Amino acid sequence: MSALRSLLRTAHFKYAPVAQFHATSNCSGAKVAVVLSGCGVYDGTEIHEASARGGAEVQMFAPDVSQMHVIDHSKGQPMETESRNVLSESARIARGNITDLAKLSVSNHDAVIFPGGFGAAKNLSTFAVDGKDCEVNEEVERVLKDFHKAGKPIGLCCISPVLAAKVLPRVDVTVGHEEEEGGKWPYAGTTQAITALGAKHTAHVDPKNKVVTTPAFMCDTKLHLIFDGIGAMVNDVLKLSGK
């Protein structure tokens, strides 16, 4: 057992330095905060979205709260007897190098990015249950308002643009198309909720508010196309950061 502990400590030391965005282009000097909501598409962060990135220095955060529920991803069903913590689960994606969202300071970062996954609608907010009448986690709301007030860019993937639509006035976002188009856009109804929140549903980039969004897995399409969209979002966030 002592040998196992030693191995784990060594592995953590070797592989858990400040994470880096990987890119084919030159690395930006931007320092980007990434806010996670757990681990796994149906009850946390969509893992592909959390790992599709561009060139920047990254620090990962998550709120220290309980998940709304735990999903058995092999069955797509809730596990009634299980309870998990969002920060602990997010640490799986961050390889242990994660910080409580309450400690995120806008002064230490040039931009913030929220990957998608149902955790954004279940753990970072109550959108999955309450729709347009949802509440946003108080630390998530603080972070969004702090970056907006500081004029620093905010990137949001997949379902997470609803967080900005709820918190920021008259923001312009996109989660895809307003019609299902034969199942290609299975969550098309989200656009109506965004409009009901007072946001405008059109743009990939809202230069006035420095908000950049991409539909990602809101669209039923090939993985490389989703990665391309996330990459474009990250690149626009970095451009807006001026780094």
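Mentor: The protein chain has a mean pLDDT of 88, and 87% of its residues reach 70 or more. Residues 1–26 have a pLDDT below 50, and beyond near neighbours in sequence this stretch has 30 contacts in the model. Here pLDDT is the predictor's confidence in each residue, from 0 to 100, and contact means heavy atoms within 4.5 Å. Where pLDDT is low, the predicted coordinates should not be read in detail.

Trainee: What are the ground rules?
Mentor: This is a predicted model, in which local features need pLDDT of at least 70 and side-chain atom pairs count only at pLDDT 80 or more, while totals for chains, interfaces and linings use all residues. Residues are numbered from 1 along each chain as its sequence is written, and side-chain values use heavy atoms, with hydrogens and water left out.

Trainee: How many helices and strands does the protein chain have?
Mentor: Its secondary structure comes to nine helices and eleven strands. These are DSSP runs numbered from the N terminus: helices are H or I with at least four residues, and strands are E with at least two.

Trainee: And what share of the residues count as buried?
Mentor: Of the 243 residues of the protein chain, 49% do. Buried means under 20% relative accessible area, exposed over 50%, and partly exposed in between, with a 1.4 Å probe and protein chains only.

Trainee: Why is helix H3 largely enclosed by the rest of the structure?
Mentor: Helix H3 (residues 86–93) is largely enclosed because six of its eight residues are buried. They are Val86, Leu87, Glu89, Ser90, Ala91 and Ile93.

Trainee: What do they pack against?
Mentor: The buried residues of H3 pack against helix H2 (47–51), strand S2 (57–62) and strand S5 (98–100).

Trainee: Which residue caps the N-terminal end of H3?
Mentor: Asparagine 85 does, with a side-chain oxygen 2.9 Å from the backbone nitrogen of leucine 87.

Trainee: What comes just after H3?
Mentor: Arginine 95 takes a positive phi of about 55 degrees there, in the loop between H3 and S5. Most residues other than glycine have a negative phi. Arginine 95 is exposed, with a relative accessible area of 53%.

Trainee: What about glutamate 181?
Mentor: Glutamate 181 also has a positive phi, of about 55 degrees, although it is not a glycine. Glutamate 181 is found in the loop between strand S8 (172–173) and helix H8 (190–196), and is partly exposed at 46% relative accessible area.

Trainee: Changing topic, is glutamate 49 buried or exposed?
Mentor: Glutamate 49 is buried, with a relative accessible area of 3%. Its place is in helix H2. Not counting residues up to four places away in sequence, glutamate 49 touches several residues, including Pro115, Cys157, Cys158 and Ile230.

Trainee: Where is glutamate 46?
Mentor: Glutamate 46 is in the loop between strand S1 (31–35) and H2, and counts as buried at 8% relative accessibility. Its side chain reaches the backbone nitrogen of histidine 48 at 2.7 Å. Glutamate 46 touches Val41, Gly116, Gly117 and Phe217, leaving out residues up to four places away in sequence.

Methods
Polar contact = N/O pair within 3.5 Å; in protein donor to acceptor, adjacent residues only side chain to side chain.
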